[in-house]
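This report covers selected features of two chains. Look at the structure first, then read on.

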Amino acid sequence: MRVMAQIAMVMNLDKCIGCHTCSVTCKQAWTNRSGVEYVWFNNVESRPGQGYPRTYQDQEKWQGGWVRTATGRLKPRAGGRVKKLFSIFANPKMPSMQDYYEPWTYDYEHLLTAPAGDDFPVARPKSLLTGQDTKVTWSANWDDSLGGGNEVLAADPILQKVSDQVRQDYEKAFLFFLPRICEHCLNPSCAASCPSGAIYKRAEDGIVLVDQDRCRGWRMCVTGCPYKKIYFNHRTGKAEKCTFCFPRIEIGQPTICSETCVGRLRYIGLMLYDADKVAKAAAVKNEHDLYDAQRSVFLDPSDPAVAAAAERAGIPADWIDAAKRSPVWDLIMRYEVALPLHPEYRTMPMVWYIPPLSPVVDVLRDTGHDGEDPHNLFGAVDALRIPIDYLAGLFTAGDPEPVRATLNRLAAMRSYQRRINLGEKPDDSIPAAVGMTPEEMNDMYRLLAIAKYERRYVIPAAHAEDAHRLEQLGTECSLEYEGGPGMYQTGPFGEASGTPVPVQVETFHMLRSRQTSDGFTDAGDEPRRVNLLNWDGNGRPEGLFPPRRTDSDQENKS
Amino acid sequence: MNTTDILLWVVYPYLSIAVLIGGTIWRYRYDKFGWTTRSSQLYETTLLRWASPMFHFGVLFVLIGHIGGLLVPKSWTEAVGITEHAYHLMAVFVGTVAGLCTLIGMALLIARRRLTGPVFAATTKNDKAMYVVLAGVIVLGLWATVKANIAGGGYDYRETVSPWLRSLFYFQPDAQLMTAVPNSFKIHVIAAFALFAFWPFTRLVHAFSAPIGYLTRPYIVYRYRDPRPGLRPTRPGWDRPAAPGRRSNGR
C-alpha cells in the first residue's frame, strides 16, 4: 500500500443554475491575459450540448485519454511514445481555433471618435488574433441553455450514443448544466503525453500542473487530455491548465470557482488513495467496472491501518484528520451519490458529480404528477430512459445502474425531507428503500442542502511555513500590475519572454492596484477612461464625460 | 593565404561557435520561459500538417547528411569499401531529395506564415530575420550542390571543406584548405556560421530540446513541491531559515 493524498472536488449538479460566475471569476483570476483569451479553465456547459471545445467528448475524433491494449495495459489513445515523437512536427489530432472560437473584442474607440453623421456609430467586432473585422459565430457557451436548438444538439456526442431515438421534439428536451474544471486525474493522460515531461502531478496533493519553464510547446497534451482542459497559449507558445488554484489551496482556501459559486454546489476535500493500485484499476477490462474500480482505489482514512500507513508515507497528521472529515469522501464513498465524469477515458478523474434529479422532477411535474412522491419518483427514474441513459453516458461509461441508484437516493431524500418539512411523521421506509438509515439520510441532507463553508471546504494548508510568502507581498516591486513595467515585459524573444513573475504575486498586485488606485493603470489614456470600481456613485469623477465646452470655446468657434 | 582568409576561416567560425555556445547558455538561464517552439498550429492546421513534417524531416536528413559528409573522414568510408563515386552518387541523390523536401516544406511554411492572417500577426521581427538567414543557408547549400554537379562534374568537398571543419575541432585550424574551394561553397559556409551565431537568439532553440528523454521516462511524472518557502527564488547572499518539520518523504 502506497498512500497518497489527492485534493478532490464534487459538484452537485442539481444546484447549478448556469450563472457562469465560476467561469468569470476563474477567468479574472487566471486567464485574463493575451494569448489565453479563448481559455476557460472553468467552463459551464449546457447539457445536452456540444461542450467546449465543440464535441470534445468524441474520442474517436480527438483521440484523448487511454486505451486498453490487447495485453491488458494502458497506452495513450493517440499513440505511444514513438508515434508521438514522429507526429511531433504537426500534431494530427489537435483542435484548431475554430473548434474553440476566435476570440474577439469590440472597437469601442470608434464609438467615441466617429465623426458626426446620420447614423449611430457601432462598435464592430474585431478578431483578437488578427486585429481585423470578424464575424462572431461561436464562443465558449454559444449553445447555452439549449441555444441553437436541434441543429446544435444533434452534434452532442453523448446524445448520439444514447440511441437513435434522440428527442427531436424540442419541448421534451431536458436541460442541466455541467461546470467543468481540470479533473486532476490520478492517471493523467496529459502528463503521459508530454514529451518534455513538463506536466507533473504534485506528490503532496495530486494537483496536476504544467511547469512553464520546461514546457516546449509540443502540444501533445492538448490531444492527450480527453476533457480538453489543457489549452495552448498562442502568444507564449506554452500549455496552460487549471491549477486547482494551488496558491489558495496551499493556504487552506477553496478554489476561486468554489469560493464564488452562487449555488454553493461545490465540495472540496482530501481523498487518500493507494497509488500502487491505480494502474491496475484504470486498466480493468469492462468499461462499466471502471466506476467501482476507481472507488476501490480510495482508502478509508478512519481505518487505523490506513492512517498508520499514511503517516509512514509522510502525510502530516492534520492532513489525515482533514481526510477523515472530507465531504468528498462522504459523497463518493459513504452516500455513494457522486459519480466520476467519463470514467471510460481511464484517466481516473478526481472531480466528481452528483447527477441532477431535476430533469426527472421537471417531467413529473409537467405531466401533472406529484414530483415529490417517492413512488412516483422511483417509477419515473426507471421510466425516463433518455435522461438516465444520457447521464450514464456522462458518468458511468453507459451503465445505467449506478445512475439509477444515485438518483433513487436523491429522490428518497427529497421525499423523506418533505414529510419532515411539512411536520408529518418521518417515513423511515423511504431511506430503507434505498439502503440507508434515517440518520444517514439526515446527514446526507445536511451535507447537500445546508452545509456551511467549513463543512463544504475541508482543506488542510500546505506544510511550508508562510512567513516568507507574506514577506514577499510587501517586498515585491509594486509595478507588477497589468500594463505596468513589471508585468509581461516584451522580451527580446517575443511575448512574455524573460523571467516570469510568480503567478500569485502577479494577480495579487494587479488586482490590488486596479482596485485601489485613484489613477489609471494606463497612463496617457485618461481622457477616455475612468475607474468605475472606485466610484461610489456620488459626484462625477473626472474623465467620466468629455470636458464640458465653455462659453469661450463656443465664442471661439463661431 | 592572407588576412581575409584567416579572418573568414579561423576567427569568424570560432567567434560564431562561441556565440552559439555562450548564447545558448545565457538564453537558457535568462529565458527558460521563452524557450519554446511557439507553434502556430492552433491558428492553421491544414497546410501545416503537410508542410511542417516535410520541412522538419527533410532538414533532419540534411543534418544527418552533413554529419556524414563533414565529420566522418573520407579515409574511414573508403576503408569500409565505399568508393568516392558511390559515396558521391548516394550523397547527391539522398541530399537532393532531402534538400528539395526541406525547400518545398519551407516555401509552404513561409507562404503560410505570410498569407494566414493570425499566423502573420504572430510573427515577430526576430522570426522574419531568422527566416531570411535560415532560408539563405538552405538555398545557398542547394545551389552549391546543384551548380557543382550540373555545371561541373561534382565537387569533392571531403578533400577540403571537411578536413578544414574538423581542424576547427582539434584547435589546429587550417585556413589553407578553404582557399581553393568554389565560391558557392564558401558562401554557404559563411551563411551557415552566421545562422549558428544567430541560433540561440531565435525560436530555433527548440531544436536543442528535442524530447528524446520521452522514450525512456515513465508516463506519469510526480514532483514534490519546491522546498523554498515562498515563491520567489532565493537570492544570493540570503540565508534561508531552516524550515521546521519538513516531511521526510523520499525525494
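A residue is called buried if 20 or more other C-beta atoms lie within 10 Å of its own, exposed if 12 or fewer, and partly exposed in between. The model is predicted.

**Backbone features of chain A**

By that cut-off A:Met348 is buried, because 25 other C-beta atoms lie within 10 Å. A:Met348 is not a glycine, yet its phi is positive, about 55 degrees. The residue sits in the loop between β14 (339-340) and β15 (351-354) of chain A.

A:Arg264 also has a positive phi, about 50 degrees, without being a glycine. Its loop runs between α10 (256-259) and β12 (266-274) of chain A. Is A:Arg264 buried or partly exposed? It has 15 C-beta neighbours inside 10 Å, so it counts as partly exposed.

Chain A has a cis peptide bond from A:Arg47 to A:Pro48, with omega near -5 degrees. A:Pro48 belongs to the loop between β2 (43-47) and α2 (59-62) of chain A. A cis bond also joins A:Tyr52 and A:Pro53, where omega is about -5 degrees. A:Pro53 is placed in the loop between β2 and α2 of chain A.

**Chain B overall**

Chain B holds 8 helices and 1 strand. Its elements follow the order α-α-α-α-α-α-α-α-β from the N terminus. Of its 251 residues, 24% are buried. Among contacts between residues at least 6 apart in sequence, 82% join residues at least 24 apart.

An unreviewed UniProt entry annotates residues 6-225 of chain B as "domain: NarG-like". That span is 66% helix and 1% strand, and its end C-alpha atoms lie 53 Å apart.

**Helix packing**

Two packed helices are described by the angle between their axes and the distance between the axes.

| Helix pair | Angle | Axis distance |
|---|---|---|
| α1 (3-30) and α8 (183-198), chain B | about 25 degrees | 7 Å |
| α4 and α6 (125-151), chain B | roughly 145 degrees | within 11 Å |
| α16 (358-366) and α17 (374-383), chain A | about 115 degrees | 10 Å |

α1(B) and α8(B) are therefore roughly parallel to each other. Their crossing is left-handed. On the α1(B) side, the contact residues include B:Leu8, B:Tyr12, B:Pro13 and B:Ser16. They face B:Ile190, B:Phe193, B:Phe196 and B:Ala197 of α8(B).

α4(B) and α6(B) cross in a left-handed sense. Among the residues in contact are B:Gly95, B:Gly99 and B:Leu103 of α4(B), with B:Ala135, B:Ile138 and B:Leu142 of α6(B).

In chain A, α16(A) and α17(A) are roughly perpendicular to each other. Their crossing is right-handed. A:Val360, A:Val363 and A:Leu364 of α16(A) meet A:Asn376, A:Leu377, A:Ala380 and A:Val381 of α17(A).

**Two helices of chain B in detail**

Helix α2 (residues 46-71) of chain B has 26 residues. From first C-alpha to last it reaches 38 Å, close to the 38 Å expected at 1.5 Å a residue. Its buried residues are B:Leu48, B:Ala51, B:Ser52, B:Met54, B:Phe55, B:Gly58 and B:Val59. Their cover includes α4 (84-115) of chain B.

Helix α8(B) has 16 residues, which should span 22 Å at 1.5 Å a residue. The end C-alpha atoms are 23 Å apart, which agrees. B:Phe185, B:His188, B:Val189, B:Phe193 and B:Phe198 are buried in α8(B). What covers the buried residues of α8(B)? The cover includes α1, α6 and α7 (161-169) of chain B.

Note on methods:
Residues are numbered from 1 along each chain as its sequence is written. Chains are lettered from A and ligands numbered from 1 in the order in which they are written. This is a predicted model: local features need pLDDT of at least 70, side-chain atom pairs count only at pLDDT 80 or more; totals for chains, interfaces and linings use all residues. Helices (H or I, at least four residues) and strands (E, at least two) are DSSP runs, numbered from the N terminus. The expected span of a helix is 1.5 Å times one less than its number of residues. Two residues are in contact if their C-beta atoms, placed from the backbone, lie within 7 Å. UniProt positions are given in the numbering used here, feature names are shortened, and annotations may be inferred rather than shown by experiment. Axes are lines fitted to C-alpha atoms, for helices over the stretch in contact, and angles run from 0 to 180 degrees between N-to-C directions. Angles under 35 degrees count as roughly parallel, over 145 as roughly antiparallel, 65 to 115 as roughly perpendicular and the rest as oblique. A crossing is left-handed if the near helix is turned anticlockwise from the far one by less than a right angle, and right-handed if clockwise.
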